[in-house]
Amino acid sequence: PSDPVPVQIAPDVASSNPWSVALTWSGLPVSGCTGTVQRRSGAGGWLDLAVVTPDAAGRIEFVDRSAQPGLRYGYRLVWSAGSVASTSAEQWVNVARLRFALACTNANPSRDGLHVAFSLPDAAPAQIAVYDIAGRQLVRQDVGALGPGVHALELAARGVVSQGMETTW
């Protein structure tokens, strides 16, 4: 009974990735309108994320940077303009899971060592290793303790990996 009555304003999910969910609501009153973006997971209660106002076209754009990878969230907009108050339709979003990814971040071949960027899905034990064409391990670095997210590090200093050696992933 405390919730406003839903109307035909539905959110549009502009994008979703492991680090954020971008939502847009259109068709809102322009004059004197304010709203609160809310989120919930499962059948839990609604959490207020931000107070927002529409632009001159009656549009609200919001990016949730606190969404956790691999979870499912419901979003809605509770808004009011003068004596009119309402709640948008609920939009459910599956936030993408983090996956392992690796990239060489310097020239290939390189004279300045080996710098890599990578992402980890969790804090499980993980290593990055470089082998030469004969199968000899040149460098190994434990990286699992860095935790989930995107990371960058110098895997091999200048001179550790032979000059002109190409790396492939």
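**Close-up views of the strands and cores**

**View 1. Strands β6 and β7 of the predicted model.** β6 and strand β7 (residues 84-87) pair in the antiparallel sense, with four bridges between them. The model is predicted. The two strands make a hairpin in which two residues separate β6 from β7. G82 lies in the turn and has a positive phi of about 65°. Across the pair, A81 stands opposite V84 of β7, and W79 stands opposite S86 of β7.

**View 2. Other partners of β6.** β6 also pairs with β3, in the antiparallel sense and over eight bridges. Within this pairing, T36 has V78 of β6 as its bridge partner. A further antiparallel pairing, over four bridges, joins β6 to strand β8 (residues 91-94). Here Y75 has Q91 of β8 as its bridge partner. β6 is mostly covered, with seven of its ten residues buried.

**View 3. The largest nonpolar core.** This core has 18 residues. V21, W25, L28, Y75, L77 and W79 are the residues with the most contacts inside the core. At least two core residues come from each of β2 (20-25), β3 (33-40), β5 (60-64) and β6 (72-81). The strand that gives the most is β6, with five residues.

**View 4. Surroundings of Y75.** Leaving aside residues up to four places away in sequence, Y75 touches V21, L23, Q38, R39, W46, L49, D64, A67, A89, E90, Q91 and V93. Q91 in this list is also the bridge partner of Y75 in β8. V21, another residue that Y75 touches, is among those with the most contacts inside the largest nonpolar core, as is Y75.

**View 5. The open sheet β1-β2-β5.** Three strands, in the order β1-β2-β5, form an open sheet with antiparallel pairing. β1 (12-17) and β5 stand at the edges and each has a single partner strand, so one side of each is left without a neighbour in the sheet. On average, neighbouring strands of this sheet are turned by 10° against each other, direction ignored. β1 and β2 run antiparallel and are joined by five bridges.

**View 6. T24 in strand β2.** T24 is found in strand β2. Is T24 buried or exposed? T24 is buried because its relative accessible area is 8%, and buried means under 20%. Not counting residues up to four places away in sequence, T24 touches A10, P11, D12, A14, R59, I60 and E61.

**View 7. Confidence along the protein chain.** The average pLDDT of the protein chain is 80, and 80% of the residues score at least 70. Among the elements of the protein chain, strand β4 (residues 47-52) has the highest mean pLDDT, at 97. The lowest mean pLDDT, 69, belongs to strand β9 (residues 101-104).

Technical notes:
Residues numbered from 1 in each chain as written. Predicted model: local features only at pLDDT ≥ 70, side-chain atom pairs only at ≥ 80, totals over all residues. Heavy atoms only, no water. Core = buried A, V, L, I, M, F, W, Y, C linked by side-chain atoms within 4.5 Å. Buried < 20%, exposed > 50% of the residue type's maximum accessible area, 1.4 Å probe, protein only. Contact = heavy atoms within 4.5 Å. pLDDT = per-residue confidence, 0-100. Pairing = 2+ DSSP bridges. Axes fitted to C-alpha atoms, helices over the stretch in contact; angles between N-to-C directions.
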